[in-house]
Amino acid sequence: MTADAQIPLPPRVHAFADDALADHDAVGLAELVRDGAVAPHELTAAAVARAQQVERLAAVAYPSYANPLLPAERTGTFYGVPSFVKDNTDVAGMPTNQGTAAFRATPARAHSGYTRQFLSTGLTVLGKSAMPEFGFNASTEPPHSAPTRNPWHTGYSVGGSSGGAAALVAAGVVPIAHGNDGGGSIRIPAACAGLVGLKPTRGRHVVSGLARTLPVDIVSEGVLTRTVRDTAVYAEAAERYWRNPSLKPIGRVEGPAARRMRIALVLDNLAGPLTAGPTRAAVERIAHVLEFSGHSVEPVPLPFDAAIERAFLHYWGLLAAAISTTGRLLDRRFDARRVDDLTVGLRALFLRRALYAPLTLYRLRAAAATYERALGPYDALLLPTLGHTTPELGHLSPTVPFEELIDRLRAYVCFTPINNITGTPAITVPAGLTEGGLPIGVQFAATRGNERTLLELAYLIESEQPFPRLDR
């Protein structure tokens with residue numbers, strides 16, 4: 001019998017305490033370190049104690065508490081602030097297990113390119129955060145280990161694929177954690193956990209690892225945070241390490257914009273209008289906040305039809321087939337017989353229509369121009385982050401029969417993939433709680449390179465509708 005079966009988990013779990021971390025965000029903690037009010041080792045000790053206090057959330061894939069990775073320089077913006085890196089990104093001395101049971105990785109020999117960018121901001125890495133196998137699922141429920149639980153209600157999903165990162169930040173273990181987003185994998189768990197999650201423009205960060213080999217790069221790197229300013233300051237700090245010269249810099253964003261914006265409102269997904277309920281109500285509430293603040297909000301349809309959804313699903317299957325075939329490049333002990341049923345089903349889905357791969361890639365590559373034409377007249381797009389509120393654990397488990405699981409995922413993850421396909425930025429922000437106390441997220445999206453606008457809008461929502469917190 002498991003520990004969870006013996007001792008029922010309380011609905012809400014958090015680790016906020018009157019310690020060195022208190023309830024500060026990452027910017028606040030870094031300021032305390034610079035002022036000498038707290039030492040980095042005190043923050044590390046407090047974060048480790050908090051992580052151990054909420055171990056039953058199953059948010060940590062690999063703890064490195066006895067040997068944390070310290071920043072090489074003391075000059076980073078977040079010097080001394082503790083964090084975690086997602087389990088699909090190489091950190092020297094730590095294994096990268098990709099959330100799978102198909103192999104057990106040995107410690108990485110070197111940092112990935114993006115890890116070096118992440119570390120340049122001064123963050124201390126305490127280990128790896130949990131994720132579903134290869135990041136394919138929208139819930140962190142690996143069949144070979146305990147599911148990652150939502151600290152707002154431990155019977156519910158915290159999303160995926162950056163689910164461990166979301167649980168750690170929401171529960172107060174750390175104020176900021178690494179995530180990446182290939183179909184919503186930063187924004188989905190951020191929405192589920194009441195956090196801020198920015199998916200940057202394609203090419204905004206250092207591209208490393210498997211993303212460099214993708215025929216269409218849908219992956220963006222970033223962080224999950226409790227405050228808009230942490231996300232904004234991180235974006236600026238990362239640019240100091242490396243900035244893509246083809247994109248206008250984000251720079252320091254410190255609050256809402258003074259200018260009046262024209263916002264497109266989308267409430268219909270590819271399957272039709274979003275049904276009435278807490279998710280729709282949250283988006284409409286944010287639209288009213290925007291209008292009250294002087295911005296123009298205009299309903300518009302999505303500029304895509306069901307063909308783009310089929311193309312993304314086929315591409316998802318292509319990635320599963322590629323990993324299953326080339327897994328030994330990740331680790332020589334890779335055993336394809338041990339991948340979970342979602343990976344198996346995605347691979348089979350692709351192979352049934354493998355001849356259509358060129359058409360799939362064409363459609364995905366052409367989508368960016370369609371998106372830019374449709375959104376060109378607007379400063380940003382307001383839309384739901386998810387098709388409905390976060391489900392109970394088990395609803396999106398990879399053990400659910402494949403066709404049924406895919407139908408559930410299509411209903412749930414029906415808004416986020418567009419910005420991965422088009423390479424454009426999007427940010428999710430908290431927009432209140434359900435009657436049962438679960439967070440709801442809404443997202444803003446923009447055209448290529450316009451993260452600054454998204455951060456300004458996020459600041460506005462945070463100031464007009466303060467984000468819910470577990471410790472309050």
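**Close-up views of a predicted model**

View 1. The open sheet shown here has 3 strands in the order 1-3-2, and its pairing is mixed. Strand 1 (60–63) and strand 2 are the edge strands. Each has a single partner strand, so one side of each lacks a neighbour in the sheet. From one strand to the next, the twist averages 40°. The model is predicted.

**View 2. The parallel pair, strand 2 and strand 3.** Strand 2 and strand 3 (residues 124–129) run parallel and are joined by 4 bridges. P82 has T124 of strand 3 as its bridge partner. Helix 3 (residues 40–53) packs on the sheet and touches both strand 2 and strand 3. The direction of helix 3 makes about 20° with that of strand 3. S83 is also part of this view: its bridge partner in strand 3 is V125. Between the two strands the chain passes through helix 4. This β-α-β crossover, from strand 2 to strand 3, is right-handed.

**View 3. The antiparallel pair, strand 1 and strand 3.** Here the pairing is antiparallel, over 3 bridges. Y62 finds its bridge partner in strand 3 at K128. Strand 3 is mostly covered, with 6 of its 6 residues buried. In a regular strand, side chains alternate between the two faces of the sheet.

View 4. Among the residues involved, I263 has V297 of strand 12 as its bridge partner.

View 5. F103 lies in the loop between strand 2 (82–86) and helix 4 (113–119). F334 lies in the loop between helix 9 (306–330) and helix 10 (341–352). The two residues are 231 residues apart, and the pair links distant parts of the chain. F103 and F334 are both buried.

**View 6. An aromatic pair within helix 9.** F312 and W316 form a tilted pair, with 6.4 Å centre to centre and 35° between the planes. Both lie in helix 9. They are 4 residues apart, about one turn of the helix. The relative accessible area of F312 is 13%, so F312 counts as buried. W316 is buried too. Its relative accessible area is 17%, and the cut-off for buried is under 20%.

**View 7. Arginines over tyrosine rings.** Two contacts are shown. R262 lies over the face of Y378, at 4.5 Å from the ring centre. R353 places its charged end over the ring of Y356, 4.3 Å from the centre of that ring.

How values were computed
Residues numbered from 1 in each chain as written. Predicted model: local features only at pLDDT ≥ 70, side-chain atom pairs only at ≥ 80, totals over all residues. Heavy atoms only, no water. Buried < 20%, exposed > 50% of the residue type's maximum accessible area, 1.4 Å probe, protein only. Phe/Tyr/Trp six-rings, centres within 6.5 Å; stacked < 30°, edge-to-face > 60°. Lys NZ or Arg CZ within 6 Å of the ring centre and 35° of its normal. Pairing = 2+ DSSP bridges. Axes fitted to C-alpha atoms, helices over the stretch in contact; angles between N-to-C directions. Contact = heavy atoms within 4.5 Å. Right-handed = clockwise from strand over helix to strand, strands pointing away.
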